[in-house]
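This report describes one protein model, with the sequence and structure shown below. It covers backbone geometry, a sheet, aromatic contacts and model confidence.

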Amino acid sequence: MSSSRPEQLVVQHFTHIHPLTKVDGYGEFTCDGCKTYGFGKTYRCTRCDYNLHDHCATCPSTLATFMHPQHELRLVFRGPEHTHQNKRMCDICDESAEGLYYQCEPCGFDVHPLCTQLPQHVRHVPHPAHLLELSQWGASSICMVCRGAIRSWRYKCGPCGLDVHMECISSSASVAATKIQQRCFGSPQPQFYHSEYYYHHAYYNHGYTNQGQVHGYANQGQVQEPGRSKGRKMFSILMDLTVGVVCNIIAGPAVEVLNGCF
């Protein structure tokens, strides 16, 4: 979820009455904007224990995206009273859209701010012939990596009729890169674990609070039940795909090296 915009140390966001300060390495938290899982960087009000994802704190009020090219999307914030009356689902990840999200009201299209950061095209190491494109529809209902059913948005190769789960893009690339290292260069290199992610209005708190606490972090964030937080899977996908841009630069040429090893 990289961006070329200059980084802000303090923001005044319309969802909260106090200024929010950027904090790195905070640990786990639930974003008080989009109500989904977060880790690492947050924009935070310590006094109120209020956290926003980096992107939720700085995303624009309107958005033109390939995910819904028919109309521009508008950033909305729905309080809990509206959420209970009219439940909305994110069209990309198929989890509930609460609090802060983008919407095309005429088409009934809703998407989490973080989900809009998915890249339109990715390089898939096991299928180097073509770039894969994020799409609602594909040529198949079976993932070429895990052989499981695909029931939502996926990455597809139109010319070859191949589809891959979003979560399988990064996992298969990692497996392929590890095998290349083992077969060409001996023992695998140390693995790197993502310890941190660098992934007009009146002001309201809207009655939201973070609940539950996860222990074991130097700077402890708060989150819903460990392992059950909404949006954890999508957050992991976004982190992996962002890091995967660098990994594929390395692993891509390594495929050519692999061919020369045998």
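Where does Asp 94 lie?

## Two residues with positive phi

The model is a predicted one. In it, Asp 94 is located in the loop that runs between β9 (88-89) and β10 (96-97). Its phi is positive, about 65°, although Asp 94 is not a glycine. With a relative accessibility of 52%, Asp 94 counts as exposed.

Lys 35 is another non-glycine residue with a positive phi, of about 65°. The loop that holds Lys 35 is between β3 (28-30) and β4 (37-39). Is Lys 35 buried or exposed? Lys 35 has a relative accessibility of 7% and therefore counts as buried, the limit being under 20%.

## A four-stranded sheet

An open sheet is made of four strands in the order β13-β14-β15-β16, with antiparallel pairing. The edges are taken by β13 (121-124) and β16 (162-164); each has a single partner strand, so one side of each has no neighbour in the sheet. On average, and with direction ignored, neighbouring strands of this sheet are turned by 35° against each other.

His 124 has His 127 of β14 as its bridge partner. In general, strands of a sheet pair through backbone hydrogen bonds, and the pairing is either parallel or antiparallel.

## Aromatic pairs

How many aromatic pairs does the count come to? The count gives two aromatic pairs. One of them joins Tyr 37 and Phe 235 in an edge-to-face arrangement, with 5.4 Å from centre to centre and 85° between the planes. The angle meets the edge-to-face criterion because that class requires planes over 60 degrees apart. Both Tyr 37 and Phe 235 are buried.

## Confidence of the prediction

The average pLDDT of the protein is 74, and 66% of the residues score at least 70. Which elements have the lowest and the highest mean pLDDT? The lowest mean, 52, belongs to helix α3 (residues 166-185), and the highest, 97, to strand β7 (residues 62-63).

Residues 173-228 have a pLDDT below 50, and this stretch has 120 contacts in the model beyond near neighbours in sequence. For residues 245-262 the pLDDT is also below 50, and the contacts beyond near neighbours in sequence number 18.

Conventions. Residues numbered from 1 in each chain as written. Predicted model: local features only at pLDDT ≥ 70, side-chain atom pairs only at ≥ 80, totals over all residues. Heavy atoms only, no water. pLDDT = per-residue confidence, 0-100. Contact = heavy atoms within 4.5 Å. Phe/Tyr/Trp six-rings, centres within 6.5 Å; stacked < 30°, edge-to-face > 60°. Buried < 20%, exposed > 50% of the residue type's maximum accessible area, 1.4 Å probe, protein only. Pairing = 2+ DSSP bridges. Axes fitted to C-alpha atoms, helices over the stretch in contact; angles between N-to-C directions.
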